[in-house]
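Trainee: Could you help me learn how to read helices in a structure?
Mentor: Happy to! Let us look together.

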Amino acid sequence: MVETLHTEDYVTIAIYFVVVLAVGLWSTFRPNRGNATGYFLAGKTMHWIPVGASIYASNIGAPMFIGLAGTAAASGLAVTIYEWHAVFFLIALGWIFVPVYISCGAFTMPEYLRKRFGGKRIRMYSSFFALIGYVLFNITIEIYSGAIFLQHILDWNMYLSVVVILAVTAVYTVVGGLASVIYTDTLQSVILVVSATVLFILSMIEVGGWNAMTEKYMNSAANYTLLNQSFYSCGMPREDALHIFRSPKTGDIPWTGALTGLSFLGLYVWCQDQLIVQRTLSAKNMVHAKAGSLFGALLKITGLLLFVVPGMISRILYPDEIACADPKKCDEFCNNEAGCSNFAYPLLVLRLLPRGLKGLMLAALLAALMSSLTSILNSASAIMTMDIWRQFRKQASQAELMIVGRVTVLILVGISIIWLPILEAVEGGMFWFYMQAIRSYLIPPMCVLFLLAFFWKRLTEQATFWGLMLSLVVGIVRMALDFTYVAPVCGSGEPDNRPAIVKDIDFLHFAAILAIFSFIAMFVISMFTKPRPERKLRRVTFWTKNDKEEPELSSEDDEENEREKERKNRENDDDDGMGWRLRKACKDWVCGTVEDSKKYLTHEEQLKLRQKMTSLEEKPLYRKLLNIAAILVAIFTTFLIGFFY
């Protein structure tokens, strides 16, 4: 399947890349790049609009265009629950979780766990867990989604295309840090929303409106499916396609799993994952952090119109391709015997949009891919630098930390390219369910860990560690069974001989079961181990976030300040003229080690700075307005879920 782009489309794509790269490089000339807070938290100066836009763009990557729309084409409206579910958790992020993260002064989620439990093994486990997750799931899923579009639809060379995208992405992520990521995310969010809105309007006009869309969808199937519905029954739309809540036994997204298992997945992704939390931590104060998370929640409501409905319309307009049920015909169209629903959105773009707009939408797809990759790379860089490197190099200077962060980005990009042949062999089917199933086997224990850490002071480090280990074993066993026993391909006529634990227990139900198992393990072990004293729980739980007593600066901070002074003195002694200063200026700009004129703070200045960085102060008027807005958004989302139940 190859579609044709025209000159206008290529010009639009070229302009997009130039503008995005210019915005990313522009942000590198802003202050606060020469220290960890500036690089990883954008200097904590971000306004609520770019914070919210970055939260949205970080999640709306290529898997949304490919996976969410593709699942809607195959299954109907139910997948919308993933988008609307997020609204409630983004509100919880701003009102419940971020205040604790800010109050304790954590840069990263593993750092928070160290402050909460002490010791090293919880922090190191969560750090490596996050990095492995970024490499195996986040980055590779983004690349695979982009490869689907670039290789099969545009007939571009997959390796060259992905390498170019990763190279451009890495440049402004490496050089600019989180500020670069957030500014480019803001730009790309505008492109995504505008382009997707245009496609939604044109597709609704093409299909004849909402009522016509719902009627035609229920009869959208390939011709051979309509002629032999008994054999190709899986090629027909589901009877419950127009409902969000589905049967606990026969539903592909059972309502019981959506309320339980999906809640654990969503709570981790939106309230505990470094990728999202880092955006709110970059806000200039609590008001902007709350407003940013609420703005991101509002944008998530649009998922039904921007992704789900276009996916369903694509099936209506192109049933022989998108709704193919014969493995041979699917393989001829998209090189995937499991089905071609993943191509619903890209096919709609390339066949429905006129010249120029087609290029704009392609630019939006590339924007989605790059937005997510930049966010993932920066978050992974922060974890590697702040949580892993510092464990082995306790006396690392600020300059060393900046360089390690940038090298980490380059290494992750290299690993991602190496993974391309493996991703090319992955069978897509309904790619969205594949993504969520993998997360269901690994994420619930981490979610339970954060919930108990926030709301139960009695939780101990020993219980946390061994609860995670036991749950990890259970999750890996189920994941291995899933990969070993694969469901038969639609239209193959083969019987489903999978074990009952795989065939009858939906991955969302398993996520809930795994979460309950983790809770019991951590609770029981905690009751037989010694808890942390109250004085070590200041500002690290929901109940202690407002403690008046400030956390004391560690001795490592003073030692690092002295080391930086010594390094500066050595550099001054080594100054051998204009050539040396020119070389140092180039190195500082690339590595982000440019220092402020007043870089060494006294103990009192450090204490004041920390008080400002960990302040939860809000103006009463803004707090009331935000509370009212959050309640209204939650009520409206609840109404939408009830309307489409």
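Trainee: How many residues does helix α30 have, and how far does helix α30 reach from its first C-alpha to its last?
Mentor: A quick note before we start: this is a predicted model, in which local features need pLDDT of at least 70 and side-chain atom pairs count only at pLDDT 80 or more, while totals for chains, interfaces and linings use all residues. Residues are numbered from 1 along each chain as its sequence is written, and side-chain values use heavy atoms, with hydrogens and water left out. Helices are DSSP runs (H or I, at least four residues), numbered from the N terminus. The expected span is 1.5 Å times one less than the number of residues. Helix α30, residues 620-643, has 24 residues and reaches 35 Å, close to the 34 Å expected.

Trainee: Which residues of α30 are buried?
Mentor: Buried means under 20% relative accessible area, exposed over 50%, and partly exposed in between, with a 1.4 Å probe and protein chains only. In α30 the buried ones are Leu 626, Ala 630, Val 633, Ala 634, Thr 637, Leu 640 and Ile 641. Their cover includes α5 (80-104) and α14 (286-300).

Trainee: Is Phe 644 buried or exposed?
Mentor: Phe 644 lies in the segment after α30. Its relative accessibility is 14%, so Phe 644 counts as buried. Contact means heavy atoms within 4.5 Å. Leaving aside neighbours within four places in sequence, Phe 644 touches Leu 77, Trp 84, Trp 210, Leu 242, His 243, Ile 244 and Leu 304. Phe 644 and Leu 242 are 402 residues apart in sequence, yet 7.5 Å apart in space, C-alpha to C-alpha.

Trainee: At what angle do the axes of α9 and α15 cross?
Mentor: Axes are lines fitted to C-alpha atoms, for helices over the stretch in contact, and angles run from 0 to 180 degrees between N-to-C directions. Under 35 degrees counts as roughly parallel, over 145 as roughly antiparallel, 65 to 115 as roughly perpendicular, and the rest as oblique. The axes of α9 (residues 210-217) and α15 (residues 303-317) come within 9 Å and cross at roughly 55°, so α9 is oblique to α15. Their contact involves Trp 210, Met 213, Lys 216 and Tyr 217 of α9, together with Val 309, Met 312, Ile 313, Arg 315 and Ile 316 of α15.

Trainee: And how do α23 and α24 cross?
Mentor: The axes of α23 (residues 444-455) and α24 (residues 461-484) come within 9 Å and cross at roughly 160°, so α23 is roughly antiparallel to α24. Pro 445, Met 446 and Leu 449 of α23 meet Thr 464, Leu 468 and Ser 471 of α24.

How values were computed
Helix = DSSP H or I, 4+ residues; strand = E, 2+ residues; numbered from the N terminus.
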